[in-house]
Amino acid sequence: MPHPSTPFGEELRKRRLEAGLSLTDLSRLVHYSKAQLSKVERDIKAPSRDLARLCDAALGADGALIALSTPATVDSSTVSAPGRVEEENWMMQLSPDGPSSFGHVGRREVMNAGAAALMTWRSDGSGPASPAAGTGMLEASRLLFTHYRRLGQAVEPGLLLPVLIAQTHTLRELSAQSDSGTRRHLLALGSRYAEYVGWLVQETGDERGALWWTQRAVDLAAAGGDQALAGYALVRRALVTLYREDAEQTVALARRAQSGVLPSRIRGLAAQREAQGHALAGDVGACLRALDRARTLLARPNDGGDGPVIGSMHLPDSVGMVTGWCLVDLGRPREAGEELDRQLSRVGPDAVRTQVRYGVRRALAYASAGEIDHACALTEPLLDGVTAVRSVTVTIDLRRLARVLGRYLDHPPVRRLAPRLGTLTRPTTPLEESPS
């Protein structure tokens with residue numbers, strides 16, 4: 001490995017010459033111009049992360065070039081889960097013209113605000129709920145949860161979050177009035193609602209809010225006797241660091257979630273996340289080993305209880321899809337495109353968010369492989385879906401794609417796409433401004 005202070009350009013030139021490649025040869029391999037590569041080698045121009053990944057793979061650098069192009073690691077304390085809140089009120093404001101907001105406040109703050117400022121209603125909690133009430137709410141909420149997750153594939157998060165938050169609150173409150181058996185099931189389901197809320201909140205770009213809701217999910221599950229969800233919370237925190245391109249923290253968090261005491265599904269999802277972290281670092285061997293481990297774990301019978309399945313329910317082969325995802329970051333775009341072709345052909349047309357998320361990455365793969373017209377043909381039908389689901393995390397990849405296509409403005413398909421891509425990739429939140 002080169003010394004950390006070695007300039008990227010110096011190391012790139014050294015490895016290119018050792019491989020017996022001219023600048024023209026390398027240009028053909030990575031689909032960047034000879035002039036741009038020359039500027040990078042002379043440290044006149046800083047390499048993009050995508051260029052670093054392609055050069056690393058082309059020269060078999062095993063992550064060394066990627067490491068030289070990687071910015072300083074984000075302070076891990078910024079992605080620590082919020083502490084458990086023992087006593088809190090949830091307050092949601094709904095505006096008639098669309099915007100809504102959610103906040104959590106202490107009970108003392110609510111009292112200080114004055115009763116006249118709020119319209120309130122509640123159960124007085126003077127007696128236990130009937131068994132029929134608890135069972136009926138449980139059955140109805142399970143059916144609703146499946147419908148909400150399907151609906152979440154086609155609409156923006158802001159349309160679903162109010163009802164999901166209200167449903168989580170209802171399950172939490174009803175559990176306090178139910179018998180122990182029903183209470184456990186209500187809290188378990190409430191934890192799944194809260195976890196899904198956390199995912200949708202991250203889709204809006206609010207990392208802190210996403211982590212807060214993930215911790216609420218852990219608290220609800222633990223109150224019902226399920227300690228395993230704390231392991232999945234580590235996988236969710238690793239997703240935040242993944243989109244920050246912090247490979248070290250992503251791998252570390254994912255490994256912590258692979259304890260042998262956790263259900264095999266959680267460990268399998270954690271192994272997938274670990275593979276994505278290794279891909280960011282350019283470590284091919286570690287990435288493939290983690291993917292193999294994930295496939296073995298996820299093939300086992302579900303041992304996570306009788307609640308809704310944790311993780312995506314719209315990926316027929318999640319390991320295959322994540323493999324395609326990783327190959328992009330490993331600088332092997334042609335292989336990535338072919339794998340994502342196979343996987344996306346198996347995803348249902350109603351799973352718009354999934355189609356968009358992995359479809360944009362497939363287009364990025366083909367664009368990085370120099371197949372610009374094909375990448376444009378894949379991108380164009382996705383843009384209505386991008387508008388519909390309003391995903392900040394999808395926008396991060398879309399921005400990467402726009403930068404690659406921006407080098408080919410002489411192609412008519414690129415010129416046609418450019419105005420709309422410019423509108424859809426305009427930064428609006430801190431998460432969207434993450435490095436890529």
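Angles under 35 degrees count as roughly parallel, over 145 as roughly antiparallel, 65 to 115 as roughly perpendicular, and the rest as oblique. I am working with a predicted model, where local features need pLDDT of at least 70, side-chain atom pairs count only at pLDDT 80 or more, and totals for chains, interfaces and linings use all residues. Residues are numbered from 1 along each chain as its sequence is written, and side-chain values use heavy atoms, without hydrogens and water.

**Entry: two helices**

I looked up α2 (residues 23-30) and α3 (residues 34-41). Helices are DSSP runs of H or I, at least four residues, numbered from the N terminus. The angle between α2 and α3 is about 110°, and their axes lie 9 Å apart. Axes are lines fitted to C-alpha atoms over the stretch in contact, and angles run from 0 to 180 degrees between N-to-C directions. So I noted α2 and α3 as roughly perpendicular.

Next I checked who meets whom, with contact meaning heavy atoms within 4.5 Å. From α2 come L23, T24, L26, S27 and V30; from α3 come K34, L37, S38 and E41. I sorted these contact residues into 4 nonpolar, 3 polar and 2 charged. Nonpolar covers Ala, Val, Leu, Ile, Met, Phe, Trp, Tyr, Cys and Pro; charged covers Asp, Glu, Lys and Arg; the others, Gly among them, are polar.

**Entry: L327**

I found L327 in helix α15 (residues 318-329). Is L327 buried or exposed? L327 is buried, at a relative accessible area of 8%. Buried means under 20%, exposed over 50%, and partly exposed in between, using a 1.4 Å probe and protein chains only. Leaving out residues up to four places away in sequence, L327 touches R332, P333, E335 and A336. I also traced V284: 43 residues from L327 in sequence, yet 8.9 Å away in space, C-alpha to C-alpha.
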